Amino acid sequence: MEPGNIAGRAEALAKLRDDSEWLLVVGGGITGACVVRDAVLRGVKVCLVEKNDFAYGTSSRSSKLIHGGIRYLEQAQFGLVMEATRERAILSRIAGHLVRPLSFIYPIYRGARRSMFEISLGLTLYDILSLGRSYRFHRMPGKAAVAELEPRLKMQRLVGAGFYFDATTDDALLTVAMIQDAVRHGAVCLNQMSYHGADSANGRVVSARLRDEETGTDLSLKVNGIVHAAGPFTDEVMRNFDEDSGSQVRPTKGAHLVFSRDRFPLEHAVVLNSVVDGRVNFAIPWGPGTLFGTTDTDYNADKSSVQTTREDVRYLLGTVQTYFPELALTEDDICSTYAGLRPLVHQPGKSAYRTSREHEIFSRPDGVVTICGGKYTTCRSMAKEALDEVLDLTEKWRKEPTTRCRTSRVSLLDADGLAGPSEVFALQKRLVSEYELSPDQAEHFLRAYGNRAVAVVEAFKGTDGAMTPLVEGLPYVWGDVDAAVREGFARTTSDVLRRRTRVFFLAADQGKEISGDVSKRIGELLGRDSDWVGRDQGHYLDDVARSRAWMDEP
Ligand code: FAD
């Protein structure tokens with residue numbers, strides 16, 4: 001496995017110094033990752049820069065659903081539902097190890113806004129708009145059946161439920177997997193590399209200003225086109241380039257609570273209407289944990305340090321407590337929280353919740369295209385549109401027509417042979433029965449290593465300490481740290497514990513105890529000195545402290 005290897009960074013930096021022109025993609029979230037993969041598969045010479053870690057922004061802070069968007073039916077956004085269900089099917093085919101079916105229960109209570117009949121009608125429409133691509137058709141279990149499916153759900157006044165399938169993913173790993181695949185096909189992708197604007201000549205963009213955040217070195221890159229895919233940072237990135245570009249993005253904050261599965265056990269995802277304002281909230285099984293989210297509020301503070309507040313916690317916890325009364329969950333049961341910003345496009349006069357989730361593309365004749373908005377689920381088709389646009393604006397690519405978009409047909413690295421739920425399930429079963437992994441570990445190895453999972457387990461079993469758990473009770477092992485640095489572009493302890501594994505969210509101490517040893521190991525692998533190790537661990541501990549600051553709020 002090559003992509004993201006340690007030597008790869010030096011090689012990638014050397015390549016950027018050559019004298020030819022690049023298509024530059026700015027932002028290593030899922031949007032940028034899909035653009036760079038699409039471009040390289042079309043034979044374009046392309047490079048992506050991310051100022052922090054890949055998936056550092058919204059793309060590691062989502063609800064982790066690859067979904068048709070059942071709530072968009074209420075807003076009659078049928079086109080969006082059709083596009084999203086098509087993309088759900090494509091992602092499950094090209095990244096079967098990372099995009100997995102998930103069953104959902106939509107409980108209906110007496111006196112609720114929607115009756116059983118209306119929900120059944122909505123789910124029938126959802127199945128129809130999926131055009132045969134549903135994992136399974138929905139059904140409408142009655143109260144007794146719901147009690148069996150999800151016994152801890154509030155039964156008082158329950159009439160029945162809608163039961164349907166969508167998909168779930170590991171958002172950060174899916175972004176990294178897209179980037180690994182782009183690198184495998186020849187793209188240059190660098191994290192810790194920031195973009196500071198571009199220069200034009202004769203009405204064309206000709207060079208971009210970059211900075212290596214690890215060394216402080218500035219770099220000028222020859223370019224023939226640029227795609228800004230900076231999510232909530234779109235306005236800042238556009239202003240770098242053009243001070244008069246105004247404001248395109250309306251960031252809205254979404255916070256999630258994370259519980260351990262022991263305290264909040266769940267077999268299926270559950271769709272609930274918030275007891276505060278009726279918005280749709282989701283309780284989602286997440287490996288050894290359970291997620292509950294999300295809020296949707298306008299956000300005007302510092303975008304690089306978005307955190308959950310006590311108000312967010314109260315808003316979410318109230319709904320959990322109402323619908324899962326017998327669990328008696330309190331603030332003390334919250335393992336961790338996270339918050340992210342939706343990069344929504346401005347729609348004056350609309351509330352945060354009502355603002356469209358569709359994306360927008362802004363293009364300039366000099367070859368600079370900006371894409372923002374949209375959803376994780378539709379990242380591939382959004383990327384295709386942005387790429388078509390920038391190639392069309394670029395004389396070089398107009399003269400040399402590139403091949404057609406291939407991203408719906410080419411599987412991601414490690415995904416060959418895993419195109420359907422049954423293949424994935426068979427591999428998962430094998431990891432449990434033949435290799436004696438726990439179901440959580442099997443799930444983790446499958447998501448992290450795809451069709452290489454067996455080979456990786458065998459290699460780890462043959463390496464001293466590699467199968468030792470990072471934290472007792474969680475599925476991650478010390479071998480994952482080396483793999484994240486060697487193959488997965490990880491450069492810091494936060495990269496490893498927040499985005500390549502989920503120790504930050506699921507460990508009772510959020511990984512504080514092991515953070516020193518993890519920093520040390522990363523330092524050894526990257527050839528860092530002890531000062532770096534101390535600073536790196538310090539950054540991680542600060543990160544944990546910031547995420548818990550809500551506890552000190554009144
Ligand atoms: P980001 O992931 O934010 O990426 C932008 C990147 O650009 C960042 O990593 C940033 O560091 C980088 N960057 C910024 N400036 C620079 C610069 N100057 N130089 C270099 N790099 C730079 N969608 C779904 O389909 N399903 C869901 O379940 C879902 N849940 C969500 C829940 C929440 C709470 C939120 C907030 C969103 C959710 N979404 C969901 C939407 C989805 O997560 C986002 O649409 C998507 O992640 C946006 O990705 P992006 O790449 O555009 O932005």
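**Notes on a predicted model**

Colleague: What does Ala187 touch, not counting residues up to four places away in sequence?

Modeller: With those neighbours set aside, Ala187 is in contact with Val36, Val40, Val46 and Ala182. Keep in mind that this is a predicted model.

Colleague: And where is the place of Ala187?

Modeller: Ala187 sits in the loop between helix H7 (171–184) and strand E6 (188–190).

Colleague: Is Ala187 buried or exposed there?

Modeller: Buried. The cut-off for that class is under 20% relative accessible area, and Ala187 comes out at 6%, so it counts as buried.

Colleague: How many Å separate the C-alpha atoms of Ala187 and Tyr323?

Modeller: They are separated by 48 Å, and the two residues are 136 residues apart along the chain.

Colleague: Change of topic. What domains does the assignment give for the protein chain?

Modeller: The assignment gives domain 1 as 6–58 + 173–247 + 356–394, domain 2 as 99–168 + 250–345, and domain 3 as 413–552. In the contact between domain 2 and domain 3, 21 residues come from domain 2 and 21 residues from domain 3.

Colleague: How many Å separate the centres of domain 2 and domain 3?

Modeller: Taken over C-alpha atoms, the separation of the two centres is 27 Å.

Colleague: How much area do domain 2 and domain 3 bury between them?

Modeller: About 1,700 Å², with 59% of it on carbon and sulfur atoms. On the domain 2 side, Arg100, Trp286 and Pro288 supply 34% of the area buried against domain 3, more than any other three residues.

Colleague: How many salt bridges does the rule find across the interface of domain 2 and domain 3?

Modeller: The rule finds two salt bridges across that interface. It also finds five residue pairs in polar contact between domain 2 and domain 3, both residues of each pair being at pLDDT 80 or more.

Colleague: What does Arg261 form a salt bridge with?

Modeller: Its partner is Asp440, and the closest N and O atoms of Arg261 and Asp440 are 2.7 Å apart.

Colleague: Taking the structure as a whole, how many salt bridges does it hold?

Modeller: The total is 41 salt bridges. One of the pairs is Arg88 with Asp166, at 2.6 Å from N to O. Arg88 belongs to helix H4 (residues 78–94) and Asp166 to strand E5 (residues 158–169), so this pair ties together parts that are 78 residues apart in sequence.

Colleague: Are Arg88 and Asp166 buried or exposed?

Modeller: Arg88 and Asp166 are both buried.

Colleague: What about Arg364, what does it form a salt bridge with?

Modeller: Arg364 pairs with Asp366, the closest N and O atoms lying 2.9 Å apart. The two ends fall in separate classes: Arg364 is partly exposed, with a relative accessible area of 30%, whereas Asp366, at 7%, counts as buried.

Colleague: How many Å, N to O, for the salt bridge of Arg498 and Asp543?

Modeller: The side chains of Arg498 and Asp543 meet at 3.3 Å, N to O. Arg498 is in helix H16 (residues 493–500) and Asp543 in helix H19 (residues 530–547), so to speak distant parts of the chain, 45 residues apart. Arg498 has 10% relative accessibility and counts as buried. Asp543 is buried too, at 11%.

Colleague: Which residues are linked in a network of salt bridges?

Modeller: Arg9, Asp212, Glu214, Arg491 and Arg528 make up such a network.

Colleague: Where is Asp495 found?

Modeller: Asp495 is in helix H16. It is buried, with a relative accessible area of 2%.

Colleague: Which side chain does a polar contact of 3.0 Å join to that of Asp495?

Modeller: That of Arg499. Leaving out residues up to four places away in sequence, Asp495 touches Asp53, Phe489, Ala490 and Arg500.

How values were computed: Residues are numbered from 1 along each chain as its sequence is written. This is a predicted model: local features need pLDDT of at least 70, side-chain atom pairs count only at pLDDT 80 or more; totals for chains, interfaces and linings use all residues. Side-chain values use heavy atoms; hydrogens and water are left out. Helices (H or I, at least four residues) and strands (E, at least two) are DSSP runs, numbered from the N terminus. Buried means under 20% relative accessible area, exposed over 50%, partly exposed in between (1.4 Å probe, protein chains only). Contact means heavy atoms within 4.5 Å. Domain bounds come from an automatic or database domain assignment. Buried area is the accessible area (1.4 Å probe) that two parts lose on being put together, summed over both. A salt bridge is a side-chain nitrogen of Lys or Arg within 4 Å of a carboxyl oxygen of Asp or Glu. A polar contact is a pair of N or O atoms within 3.5 Å; within protein, one must be able to donate a hydrogen and the other to accept it, and residues adjacent in sequence count only if both atoms are side-chain atoms.
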